[in-house]
Structures are given as structure tokens and as C-alpha cells.
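Student: I would like to learn how to read a protein model. Could we go through one together?

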Amino acid sequence: VERLIPGAVLVWLVMCAVGYLLTHPLADAGFTRWEVGLDRWFSQHRSAGWNTITNIASLAGDTPAAIGISVVAFIVLRLVVGRWREPLVLAVSMIGEVGIFASTTIVVGRSRPTVAHLDGSPPTSSFPSGHTAASTTLYGVLAVIVFAHTSRAGLRALAVILATVI
């Protein structure tokens, strides 16, 4: 675990630096104006069908789903691999993700876009994305574990594709 701390601190520092850039020096930059315009465009072009699709897709990284899938994956990994290393890597990674996400959110404090919200998610700041952080961590770690435990190209490719799509 102690070997992960420098990497976690580095990730946190990079996230805080990017957040600072977005909320201070680049707050009125072309990228930010483009992003606001994109948010509004998506909001104006919502439809019931797309709202349903995006809601279903976002469930894979939703906090309850990420917790549930992590617990199930922890148990399955312990049973299938027969040791504690892989399940503990998953658990430590997910706990670390929550810590990095929560502390970065507090430090950066970037406001959410001024568009109508479609879900009942708590009004946390918009950077970093909790859904993205949880999904990247959970499915990325699972893909790395699959990669480490099989040499079958098809399974490796499937793990990477699923992690990337989610």
C-alpha cells in the first residue's frame, strides 16, 4: 500500500493543477467558452430516448453501482484467483479514488454547468467527475487484472474495450 502513496499524491497534484488551470487562468479561455456552448447545445437537444440511454450508461459509474460491482468483483477475484493481492489492489484503488476525488473537489470547487439536471445526484462540483473517476478506477483495475492473468488476446482486448467504453 505504501508504494501506492506517491502515485496517489501525484495524481492528486495533477488533478488539482488541471482544476486550478480550468478555474483560474483558463476560466475565460476559448476552451471554457467552447465547453459552456457544448453543455448548452446538449441541453437544448435532449430527448427522452437519449436521456434514457445516457442514464443507463452512467449507471455503470454511479456510486451505488461502483460500490456494488467493487464488492462483487472483490469476492469473485478472491475466489477465482485464490489469493488476496488482486482483491486488495481493487479495494485500495477504489478507496484511493474516493479520497482523491473528494479532496480534489474540495480544493478545486468548479461549479456545475448552468443547465437543467436530469438526475438527483448531489450538487457536487463539476471537476473532477465522480462518475468518470469511479469508472476509470474500477474498470481500469479490472482490465489490468485480466491482462495480468491471461495471455489470451481476445480476453485482454475485451477487458480493455469494456473498460474504455464504460
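Student: Which helix does Glu86 lie in?

Tutor: Glu86 is in helix H5. Helices here are DSSP runs of H or I with at least four residues, numbered from the N terminus. This is a predicted model, where local features need pLDDT of at least 70, side-chain atom pairs count only at pLDDT 80 or more, and totals for chains, interfaces and linings use all residues. Residues are numbered from 1 along each chain as its sequence is written, and side-chain values use heavy atoms, with hydrogens and water left out.

Student: Is Glu86 buried or exposed?

Tutor: Buried means under 20% relative accessible area, exposed over 50%, and partly exposed in between (1.4 Å probe, protein chains only). Glu86 has a relative accessible area of 6%, so it counts as buried.

Student: Which residues is Glu86 in contact with, leaving aside its neighbours within four places in sequence?

Tutor: Contact means heavy atoms within 4.5 Å. For Glu86, the partners are Leu77, Val81, Ile145 and His149.

Student: What about the largest nonpolar core: how many residues does it have?

Tutor: In soluble globular proteins, nonpolar side chains tend to be buried together. A nonpolar core is a set of buried Ala, Val, Leu, Ile, Met, Phe, Trp, Tyr and Cys residues joined through side-chain atoms within 4.5 Å. The largest one here has 14 residues, and Leu90 is among those with the most contacts inside it. Helices H4 (63–81), H5 (85–108), H6 (130–149) and H7 (153–165) each give two or more residues to this core, and H6 gives the most, with 6 residues.

Student: Which residues does Leu90 contact, again leaving aside neighbours within four places in sequence?

Tutor: Leu90 touches Ser70, Ala73, Phe74, Leu77, Leu138, Val141 and Leu142.
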